[in-house]
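Dear colleague,

Please find below the structure that I am handing over to you. A summary of the findings follows it.

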Amino acid sequence: MSMETPLHRVQGLGPAHSGTQHFWRQRITAVALIPLTVWFVISALAFVGAPGFAVDTFFQHPMNAALMGIFVVILLYHMVIGLQSVIDDYAHSDGWKIVLLLLSRAFAIVVGVASIIALLRIAIA
Amino acid sequence: MAENPRTARPLSPFVTIYRWQVTMAASITHRVTGVALSAGTVLLAWWLIAAASGPESYALFQKAAANPVGWVVLFGFVWSLMFHFLNGIRHLAWDLGYGFAVPTANRTGVLVYALSVLFAVGIFAWAFHHAGIVP
C-alpha cells in the first residue's frame with residue numbers, strides 16, 4: 001500500500017518536490033564540463049610562470065572569454081547541485097538544511113559574479 | 001553492535017563495520033573531491049580577479065602560488081580535478097548502463113585512482129619544468 005496521495009503520485013515529483021530535475025541537470029552539466037575542463041586545463045598550463053598580461057591577452061580573444069564564462073557558469077551550477085546532494089544527506093534538521101542550501105547558493109553567486117566581472121574587465125579593457 | 005539510544009533497538013550496520021573496497025572508496029573520494037573543488041572555485045575567481053586588477057595583483061597571486069604551501073594546495077586542487085573528472089566519466093558510463101559488473105567496477109575504480117595520480121603528477125612535472133623549477 002502506498003502512503004502517497006494520488007495527486008502526489010501523478011505529479012511524480014517525489015519527496016524533494018523537484019522530481020528527477022537535479023539528477024538530469026547534474027548529468028547534463030557533467031557532460032558539458034568534460035570538453036570545457038580539458039580546454040581549461042590545457043589553456044591554464046600555458047600561464048604557469050607567465051606574467052599577468054599573458055592571461056589578459058588570452059581572454060581578450062572573444063572565443064576564450066566566452067568559453068571561460070560558459071565554463072564558470074556551468075561549473076558553479078554543477079557545484080550547487082552536488083553540494084545540495086551532500087547537504088540533503090548530512091543536514092538532519094530542516095533549519096540547518098535551509099541555512100546550508102542558502103549559503104552554498106550565495107557562495108556560487110559571489111564566486112560567479114566576481115569571476116564574470118573580472119573576465120569582462122579583462123575582455124573589454 | 002551499536003544501540004539506538006532512544007528505542008534500544010540495534011542500528012543498521014554503519015560504515016566502520018564494512019571491509020574497505022575500491023568501489024566504496026572511489027565513491028567517497030568523488031564526494032570529497034567535489035566539495036574540495038567547490039572551495040577551489042575561490043582560487044579560480046582569485047586568479048581571474050588578479051589578472052583583471054593589474055600586474056601587482058597578479059604578482060601577488062603568483063607569489064602565493066609559487067611556494068611550498070601554494071604547491072601543496074595547487075596539487076590538491078589539480079589531483080581533485082583529475083579524480084572528479086575521471087570518476088565522473090566512470091559515473092556517466094554507469095548511467096549509460098556500462099561497467100556495472102563487480103570485477104569491471106573494481107578495475108575501473110583502481111584505474112581512476114592510478115590515472116588521476118599520473119595526470120596530476122604529469123601536469124605538475126610539466127609546470128615545474130615550464131617554470132624552470134626543475135630542468
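The notes below cover the interface between the chains, its salt bridges and one surface patch. Please bear in mind that this is a predicted model.

**Interface between chains A and B**

On the side of chain A, 40 residues are in contact with 27 residues of chain B. About 2700 Å² is buried between chain A and chain B, and carbon and sulfur atoms give 76% of that area. Three residues, Ile34(A), Leu45(A) and Val48(A), supply 17% of the area that chain A buries against chain B, more than any other three residues.

The polar part of the interface comprises 5 residue pairs in polar contact between chain A and chain B, with both residues of each pair at pLDDT 80 or more. On the side of chain A that touches chain B, the elements giving two or more residues are α2, α3 (52-59), α4 and α5 (94-124) of chain A. Of these, α4(A) gives the most, with 12 residues.

**Salt bridges**

How many salt bridges does the rule find across the interface of chain A and chain B? The number is 2, and the count over all chains is likewise 2 salt bridges.

One of them pairs the side chains of Arg27(A) and Asp95(B), with an N to O distance of 2.8 Å. This pair crosses between chains, running from helix α2 (residues 21-45) of chain A, which holds Arg27(A), to helix α3 (residues 68-95) of chain B, which holds Asp95(B). Asp95(B) counts as partly exposed, at 38% relative accessibility.

The side chains of Arg31(B) and Asp89(A) also meet in a salt bridge, at 2.8 Å from N to O. Here Arg31(B) lies in helix α1 (residues 22-52) of chain B and Asp89(A) in helix α4 (residues 62-90) of chain A, so this pair, too, joins two chains. Arg31(B) has a relative accessible area of 26% and is therefore partly exposed. Asp89(A) is also partly exposed, at 42% relative accessibility.

**Nonpolar surface patch on chain B**

Phe14(B), Val15(B), Trp20(B), Ile28(B) and Val32(B) together make a nonpolar surface patch of about 510 Å². Within this group, Phe14(B) lies in the segment before α1 of chain B. Is Phe14(B) buried or exposed? Its relative accessible area is 59%, and the cut-off for an exposed residue is over 50%, so Phe14(B) is exposed.

With kind regards

Key: Residues numbered from 1 in each chain as written. Chains lettered and ligands numbered in written order. Predicted model: local features only at pLDDT ≥ 70, side-chain atom pairs only at ≥ 80, totals over all residues. Heavy atoms only, no water. Salt bridge = Lys/Arg side-chain N within 4 Å of Asp/Glu carboxyl O. Helix = DSSP H or I, 4+ residues; strand = E, 2+ residues; numbered from the N terminus. Buried < 20%, exposed > 50% of the residue type's maximum accessible area, 1.4 Å probe, protein only. Patch = residues over 30% accessible without salt bridge, like charges linked within 9 Å, V, L, I, M, F, W, Y side chains within 5 Å. Areas by Shrake-Rupley, 256 points an atom, 1.4 Å probe, with all protein chains shown as cover. Contact = heavy atoms within 4.5 Å. Buried area = accessible area lost by both parts, 1.4 Å probe. Polar contact = N/O pair within 3.5 Å; in protein donor to acceptor, adjacent residues only side chain to side chain.
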